[in-house]
Amino acid sequence: MASEAAPAIPTAEQPKQKTAKELEKERKKAEKMAKFLEKEKKKQVAKPGKADKAEKAAKKEEPVAEYVELTPVGEKKILQDLDHPALKSYNPQIVESRWYEWWEKEGFFEPELTSDGKIKPEGVFTIPAPPPNITGALHIGHALTVSLQDALIRWERMRGKTVLYLPGFDHAGISTQSVVEKMLWKKHKITRHDIGREEFVNRVWDWKNEYYVRIKNQSKRLGASYDWTREAFTMDENLSAAVRKTFIQFFEEGIIYRDNRLVNWCVALNTTLSNLEVDNKEIKAKTLLPVPGYDQPVEFGVITSFAYRVEGSDEKLIVATTRPETMFGDTAVAVHPDDPRYKHLHGKFVVHPFVNRRLPIITDAEAVDMEFGTGAVKITPAHDANDYATGKRHSLEFINIFTDDGLLNANCGEWKGMKRFDARKAVVDKLTEAGLFIEKKDNEMSIPICSKSGDVIEPVMKPQWWVRQRAMADAVVEALKKGDMVLEPKGFDAEFFYWMENIQDWCISRQLWWGHRAPVYFVKIEGVEQDRIEDKWWIAGNDEEEARQKAAAKFPGQEFTLEWDEDVLDTWFSSGLWPFSTLGWPNTDSKDLANFYPMSMLETGWDIMFFWVARMAMMGIKLTGSVPFREIYLHSLIRDAQGRKMSKSLGNVVDPLDVTTGLSLPDLHAKLREGNLDEREIAKAEAGQKQSFPNGIPQCGTDAMRFALCAYTTGNRDINLDILRLEGYRKFCNKIYQATKFALMRLGEGYVPPSDIVVTGKESLVEKWILHKFSAAAKETNEALEKRDFLGATTAVYNFWLYELCDVYIENSKSLILEGTAEEQLSARNTLYTCLDGALKLIHPFMPFLTEELWQRIPRREGDKTVTITKAKYPTYLAELDDSKSAAVYDLVFSVVKSARSLLTQYGILKGGKIFVQVVKSEDKAAIEAQVSSISALIKSYDSLVVIMADEAFPEGTGVATVSKDITVGILLKGQVDADAEIKKAESRLSKVLSSQAALEKTMANKDYETKAKPEAKEANKTKLDTFQSEIESLKSMISDFERLRV
């Protein structure tokens, strides 16, 4: 609804435009509040030992600081002081405010062309966004799509390419018509038939113009960097022209034809459906299911056996069916030609008990398995897919028994007018009276359900428009095999080829009013008997006048009238044209078509691989002569933490905006009542929500959600979404936020970074190490994104930020900047800036809001006029930063740090620790001793560190840990720990190491080991064995030392 349309990134609510004077007044007010809160905090600091439990309990919580957004919508964000109480920790609501509106207003998302309107030398990258339906809100699956696509789009934009991320919306024929019809009835108690087709379509347009804004704003809040100036809608005039052009061309080439075939009919919606719009509900046995239009649930999951009397005898032929009501459409009974039980009945007839009809007994080896059931099968060609084929083979009569409203028709005699599922029970009762009922048994089966209405689908015969797909499918297969298009991940190739090679013709008719009305007219000629199923009596044209001219040319001298076909086209027909109709086709002079077609990439969920991806590929090649995109990437489907498909009735559907802003469990329950679930379904859904979100959904923010969804993407078919993992990435966002605040403090207000990244050679070891790690992370991230390895890319940037920049260098930089010489301080600051600036850019494609907020706070290099991180240059591997030798030395030092930390933690030593490092090589001794200040920055709980050689013993009572075969770290434990407990731990560890050593020695002693094991495996095993031996000796020595401690 319009009232639900939120601002792009709201804080509390969308503020009205304020004057400069009002903004300045609010800024001063916010500063005063910050100072007041700081004073109040100081007053409340209790003196040590004075506050008792009662006083602590009575102490009031510190008031939450109010954040007032000072930036007018669309203007560059006014960055408030980081000392503001509201900015002390990461708050996604504050961080995400105002950036998107500024990005959009400044045109940062529009393709950047050369001065003469050409693609930039760096190249072009384009993605057409899959158009969401205008009927509802985006769900977490849409958030996954945006997260992956926008990560690639932002990355390529930062690489300097001309980038187009094209947004749009789908008219969603069935869904939209259904929801508007419900609205008309709920508000006005009228149907579409009461107001007529033209007025109804106008009402749908009004509805669309109001409701699609909600989805558009959701997309903005997800950070999708769409070029909104090129926003498309599948019923825009140009896209509608593309639909008409395609239909007319296909019709005149014989690709589109008319035929009377079986279709999926939804009684509730009164239209044909595609297979995509049909859900198959599996049931094991007798089950009562609710069906629209019925007061009582309907029985499914049973198979009913009954008998037909053989004409002219007392013999009966027993058949079975799960749909007894369809017996009115039976036109034969089939038996296997080799079945000895029925050879005497070949060519004879059975008699229908309720209508005046003789049914031939036919023989058919395809339709009948003589080992199954009685070996006799009733054939209902007009209402069953298998029987349809049998009917065609034997030229049987096709008898339709249903009206469009699901009532039995005149072909059912006195049963005419009865509802189909009422007839199900009545038929069984009548068969019982006639002595023809045999039995009913439980039967596992699949029930086709309309995904829109919940109605049970009825297979019926309908004259419809069909598309021949065989030749177009062959062209797609050839393009894939030639490499003109690439399908990723590779596991989908075989499935895609199988489907394309076994493709069936496509029914494109829909009995709706909302959508693209088929541009085809029936030419009704006076005095001529005509069959509407025959193509020759139809003319396709852009409008009636064009159709009239074509008809006059085709039927010269004859009097005729034109009747425009009432049906609209399947929504997927217009969606199949999306990659080129959105660029201006069929106008072949379109500049966008010349610049951006074929698109670089199509990224979407694998579940619509056939229904959308395949059709775009087929129609693109056929209509433009080129593949519509060079690359197809199919992402996973999101399930809940338990691996269940997300559905409203299970209560596990996740609204991405609930993830970004957070929502309590009671509020989640309340949202269920905004939909169309009945009370029973609501109760079930509430239970599901309690299981999936016992504490509600925590506020994670857009950046954490986007990063998590990319990290989840491994190429598998399904993602089991754990909301706690998303919350974990919110903590990672806070780590980045706090690290940047700290770095800004260390850089100082007057700091100006050099104009470029320059290595002087005078950098400290830890600086060389972090610069090497930064360059390596940039290389790894770029390579991963090139391969569409989203997990690899997020892992590389996550590890650099958390484990290298935050945990190591920023900690080290404190002493370098505070205690070093002027030259050392400047070098440390320059390195800190290089890594901070680079790390923010590295992670920007995944976290656009947080990175813009922080990057705008750090200084620019001299001469750098870049106004937004969205246009900043993406980091790449720099050979001048590659220093493997220095990195290896510092890795050794850091491994000592990690082992020492582990020992101090293991033994619970919080202060006064005495560390000893025993080394084999003198160069290792020198390296560690040279980095004592660095080690001091990383370990807080020790007093001294001594490096000894291997021929020197650890002091008595030292706990040790093996770093490698050449290095052992020890912590003096005497007087600090419980010796008996530590002996027990060491003996347990020794037992495990001895066991591992024995297992490895057994493997290496195998007779085939020397000949079959790879050289690298042998080397690795030798290293392991050496390490095991070193650890065994250390543990034995430790036990001995603790024994002495006990004395």
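I am working on a predicted model, where local features need pLDDT of at least 70, side-chain atom pairs count only at pLDDT 80 or more, and totals for chains, interfaces and linings use all residues. Residues are numbered from 1 along each chain as its sequence is written, and side-chain values use heavy atoms, with hydrogens and water left out.

**Sheet**

I traced strand β18 (residues 458-467) and saw that two bridges join it to β20, the two running antiparallel. Two strands pair here if DSSP finds at least two bridges between them. Helices (H or I, at least four residues) and strands (E, at least two) are DSSP runs, numbered from the N terminus.

I then asked which strands make up the open sheet of four. The order is β6-β5-β18-β20, with antiparallel pairing. β6 (271-273) and β20 (506-507) stand at the edges with a single partner strand each, so one side of each has no neighbour in the sheet.

**Hairpin**

I moved on to strand β32 (residues 958-964), which pairs with strand β33 (residues 967-972) in the antiparallel sense over six bridges. A hairpin of two residues joins β32 to β33. T962 stands opposite T968 in β33.

**Helix α23**

I checked the length of helix α23 (residues 723-747). Its 25 residues should span 36 Å at 1.5 Å a residue, and its end C-alpha atoms are 37 Å apart, which agrees. The expected span is 1.5 Å times one less than the number of residues.

At the start of α23, I found a side-chain oxygen of D722 within 3.0 Å of the backbone nitrogen of L724. After α23 comes G748, with a positive phi near 85°.

**Two crossing helices**

I looked at helix α5 (residues 140-158) and helix α22 (residues 702-712). Their axes, lines fitted to C-alpha atoms over the stretch in contact, come within 9 Å and cross at roughly 85°. That makes α5 roughly perpendicular to α22, a term for angles of 65 to 115 degrees.

Which residues of α22 does α5 meet? They are M705, R706, L709 and C710. The α5 side includes I140, L144, S147 and R154. An α-helix has 3.6 residues a turn, so residues three or four places apart point the same way.

Most residues other than glycine have a negative phi, and most peptide bonds are trans. I listed some exceptions.

- The bond from W585 to P586 is cis, with omega near 20°, and P586 sits in the loop between α16 (578-581) and α17 (591-596).
- Y597 and P598 are joined by a cis bond with omega about 0°; P598 is in the loop between α17 and β26 (599-605).
- R98 is not a glycine, yet its phi is positive, about 75°. R98 lies in the loop between α3 (92-95) and α4 (99-105).
- K189 has a positive phi near 55° and belongs to the loop between α6 (173-188) and α7 (192-195).

**L840**

I ended at L840, in helix α26 (residues 822-843). L840 is buried, with a relative accessible area of 0%. Leaving aside neighbours within four places in sequence, its contacts include I736, W801, L854 and I869. Contact means heavy atoms within 4.5 Å.

Technical notes: A polar contact is a pair of N or O atoms within 3.5 Å; within protein, one must be able to donate a hydrogen and the other to accept it, and residues adjacent in sequence count only if both atoms are side-chain atoms. Axes are lines fitted to C-alpha atoms, for helices over the stretch in contact, and angles run from 0 to 180 degrees between N-to-C directions. Angles under 35 degrees count as roughly parallel, over 145 as roughly antiparallel, 65 to 115 as roughly perpendicular and the rest as oblique. Buried means under 20% relative accessible area, exposed over 50%, partly exposed in between (1.4 Å probe, protein chains only).
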